[in-house]
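Please examine the sequence and the model below.

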Amino acid sequence: MAKPAQVLIIEPEDELRFRGPFTGAPVTCYVKLINPTSHKVYFKIKTTAPKKYCVRPNSGALKPMEVIEIAISLQPYDFDPTDKNKHKFMIQSIIAPDNEVDDYYNSDIWKDKKSEQVMDSKLKCVFENPVTTTAAVKTTTTTTTTKSDTNTNNEKNKATGDSLKSSPKVLEETEEKLLRAAQEVTQLRVEESALRQENLQLRRDLMKCRNAALEDARGLPAKSSNQFSPTSTSFLIAVAMVIVGYLLGKLI
C-alpha cells in the first residue's frame, strides 16, 4: 500500500540552512507549515540528531487554512564538516478524524496509526560555516607571515648578536672618551680662572699708572713758574751782557 502524499505545504520544502559560526550561540532557522485543507491536521517533527537540536513546537495540530512557524535551533558545538550529510529532519502529518472537535488535541492519535497512514516529508541540513573559510585564509596568511617574521627575527637576532659581541669594547672606548672630555673641561675652567685673575691685576696696575701720571701733571706747572734752573739763569745773564755791550759800543 502506497503512502499518502503530504497534505501540508512546507517552506522550505527540501533543506534547512544553518549559517555559522556554531560555537558561540544557538543557530536558528525556521520552517513554515501551512494547512491548505478543510480538515484539522496533526504534525510531528523528528530528527536524526535529537541531542543537537531544539525544536519549538515539535508537534501540534493545524486547523483548516492555519499557518504555523517552527523554530529549529542548532545548539553550540564544534563544527564537523563530516556531519553535514548526517543531520536530517522528518515532518510527519496525519488528518484528524471528521468527528473531532477543532480545539481538541488528541495526544494519542499517533499510537493507533500505522506507518502507511502517516504522511512524511524529509529535509536535509545544510551548514554554511564562514569561520572555516576565514580560518583557512588566516592559516595561510599566518603561515606566510610566520615565515617572513622568522626570517626577519633571524636577521635581527644575528645583528643583535654581533652588536653584543662588540658592545664591551664600544662601552670601554666611550667611557674613556667621556673621561677625557671631563678632564679637558676641568682644565679649561682652571685656565679661565687664571686669565680672569691676570686681567684684574692688569687693570689694577693700569689704574695706578694713570693716577701717578695725573699727580705728576698737576705738580709740574707750579714748579716751573716759581723757580728757574741754574742753567737758565746763566743763559739769561749772558744775553743781558751782550745787549749791554752792544749798546755801549753804539754810544761811544
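In this predicted model, D108 and K111 are joined by a salt bridge between their side chains, with N and O 3.4 Å apart. D108 is partly exposed, because its relative accessibility is 37%. K111 has a relative accessibility of 66% and therefore counts as exposed. This pair belongs to a set of six salt bridges found in a search of the whole structure.

Side chains of opposite charge can pair when their charged atoms come close. A second example is the salt bridge between K40 and E100, with an N to O distance of 2.6 Å. K40 lies in the loop between β3 and β4, whereas E100 lies in the loop between β8 and β9, so that the pair links parts of the chain 60 residues apart. Both of these residues are buried, a term that denotes under 20% relative accessible area.

Another salt bridge connects R17 with E128, whose closest N and O atoms are 2.7 Å apart. Here too distant parts of the chain are linked, since R17 belongs to strand β2 and E128 to strand β9, 111 residues away. With a relative accessible area of 44%, R17 is partly exposed; E128, at 28% relative accessibility, is also classed as partly exposed.

Which residues touch the most other members of the largest nonpolar core? They are F18, Y53 and I72, within a core of 25 residues. Seven strands, namely β2 (15-19), β3 (27-34), β4 (41-47), β5 (53-56), β7 (67-74), β8 (88-95) and β9 (119-128), each supply at least two residues of this core. The greatest contribution is that of β3, with four residues. In soluble globular proteins, nonpolar side chains tend to be buried together.

The surroundings of F18 can be followed in detail. Leaving aside residues up to four places away in sequence, F18 touches V27, C29, Y53, I72, L74, C125, V126, F127 and E128.

F235, L236, V239 and I243 make a nonpolar surface patch of about 400 Å². Helix α2, which spans residues 230-251, contains F235. Is F235 buried or exposed? F235 counts as exposed because its relative accessibility is 58%.

Conventions. Residues numbered from 1 in each chain as written. Predicted model: local features only at pLDDT ≥ 70, side-chain atom pairs only at ≥ 80, totals over all residues. Heavy atoms only, no water. Core = buried A, V, L, I, M, F, W, Y, C linked by side-chain atoms within 4.5 Å. Buried < 20%, exposed > 50% of the residue type's maximum accessible area, 1.4 Å probe, protein only. Contact = heavy atoms within 4.5 Å. Patch = residues over 30% accessible without salt bridge, like charges linked within 9 Å, V, L, I, M, F, W, Y side chains within 5 Å. Areas by Shrake-Rupley, 256 points an atom, 1.4 Å probe, with all protein chains shown as cover. Salt bridge = Lys/Arg side-chain N within 4 Å of Asp/Glu carboxyl O.
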